[in-house]
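I opened this notebook to keep track of what I looked up in one structure.

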2 protein chains.
Amino acid sequence: MNVLGVHLLLELKECNPKLLDDLDYIRSAMLRAAHDVGVHVIGESFHRFSPQGVTGILSIAESHISIHTWPEYGYAAADVFTCGSALKPAKAAQILIELLESKSPDIKEVRRGMLPLVAAR
Amino acid sequence: MNVLGVHLLLELKECNPKLLDDLDYIRSAMLRAAHDVGVHVIGESFHRFSPQGVTGILSIAESHISIHTWPEYGYAAADVFTCGSALKPAKAAQILIELLESKSPDIKEVRRGMLPLVAAR
């Protein structure tokens, strides 16, 4: 591995709007994704907005997983940022896509921390 | 504005390593950036790792600000994700660059939530 981390930016379109407005559901989906890829949750922050929308952030020992939802557009912006080559962020992304029932997901991968010293390892 | 949010991914290289390992300093830098651009903090999670490194996440009403640091490389991966056209995420990014004393910062901008309904507004 020649980078410190992999950051997946998920554009989750055409989700189930009802699920996007359900804080408990969003939280359990994120914890499920974290658990299934073996990352370690070290903190969390969840909030439901009025009249709609949820923000959820899991701080993980390996970086973070976040979701911000816009039920009115059936859209969620999710991030899965992990460091460590043993992890599979794409698997966590897939779990979120399935659990939020996104019919039109898009994933952009950004490599974080491409540093000479890391690359030389 | 024809997108829901702007997400700045900051590659902060050649930072002051001492500052990157100081949880209180990282937290105050992030709160300063949030305050100076007028976003509203609704939650936070901070953690210092052993032997080194800090993770900090501010959940804001307008999305999130996060930092993960690797003092051993003088590097931090920071994110400033804001929704709402009145905000200036680039200003928050600049504050973080200055406060972490990054001599080689790189900023990538990603537009989040480019949706037909939003674009038609």
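The entries below record what I looked up, topic by topic.

**Ground rules**

I noted that this is a predicted model, in which local features need pLDDT of at least 70, side-chain atom pairs count only at pLDDT 80 or more, and totals for chains, interfaces and linings use all residues. Residues are numbered from 1 along each chain as its sequence is written, chains are lettered from A and ligands numbered from 1 in the order in which they are written, and side-chain values use heavy atoms, with hydrogens and water left out.

**Sheet of chain A**

I looked up the strand order. In chain A, 6 strands form an open sheet in the order β2-β3-β4-β5-β1-β6, with antiparallel pairing. Strands here are DSSP runs of E with at least two residues, helices are runs of H or I with at least four, and both are numbered from the N terminus. Two strands pair if DSSP finds at least two bridges between them.

Which strands of chain A stand at the edges? They are β2 and β6 (104–112), and each has a single partner strand, so one side of each is left without a neighbour in the sheet. From one strand to the next the twist averages 10°. Angles run from 0 to 180 degrees between N-to-C directions, and the axes are lines fitted to C-alpha atoms, for helices over the stretch in contact.

I then picked out one pair. β3(A) and β4(A) pair in the antiparallel sense over 6 bridges, and A:T55 stands opposite A:H68 in β4(A).

**Helices on the sheet of chain A**

I checked what lies across the strands. Helix α2 (residues 23–37) of chain A lies across β2, β3 and β4 of that chain, at about 155° to β2(A). Helix α3 (residues 89–99) of chain A lies across β1 (5–13), β4, β5 (75–83) and β6 of chain A, and runs at about 15° to β1(A). Contact means heavy atoms within 4.5 Å.

**Sheet of chain B**

I repeated the search in chain B. Its 6 strands form an open sheet with antiparallel pairing, in the order β2-β3-β4-β5-β1-β6. At the edges of this sheet I found β2 (41–48) and β6 (104–112) of chain B, each with a single partner strand, so one side of each has no neighbour in the sheet. β2(B) and β3(B) pair in the antiparallel sense over 7 bridges, and B:V41 stands opposite B:I60 in β3(B). Helix α2 (residues 23–37) of chain B lies across β2, β3 and β4 of chain B, at about 155° to β2(B).

**How the copies relate**

**Pockets**

On a 1 Å grid over the protein atoms alone, a pocket is an open set of points with protein on both sides within 12 Å along at least five of seven lines, a cavity is a set where a 1.4 Å probe fits but cannot get out, and lining residues have an atom within 4 Å of a point. Grid points are joined across faces, edges and corners, and a volume is the space filled by probe spheres set on the points.

The largest pocket holds about 220 Å³ of space. It is lined by 18 residues, and the closest to its centre are A:F49, A:Q52, A:G53, A:T69 and A:W70. β4(A) supplies the largest share of this lining, 3 residues. By class, the lining has 8 nonpolar, 7 polar and 3 charged residues. Ala, Val, Leu, Ile, Met, Phe, Trp, Tyr, Cys and Pro count as nonpolar, Asp, Glu, Lys and Arg as charged, and the others, Gly among them, as polar.

The second largest pocket holds about 170 Å³. Among its 14 lining residues, B:F49, B:Q52, B:G53, B:T69 and B:W70 are the closest to its centre.

**Cavity**

How many cavities of 30 Å³ or more does the structure hold? I found 1. The largest cavity has about 30 Å³ of space. Its lining is A:E44, A:S45, A:I57, A:L58, A:S59, B:S45, B:I57 and B:S59. β3(A) gives the largest share of that lining, 3 residues.
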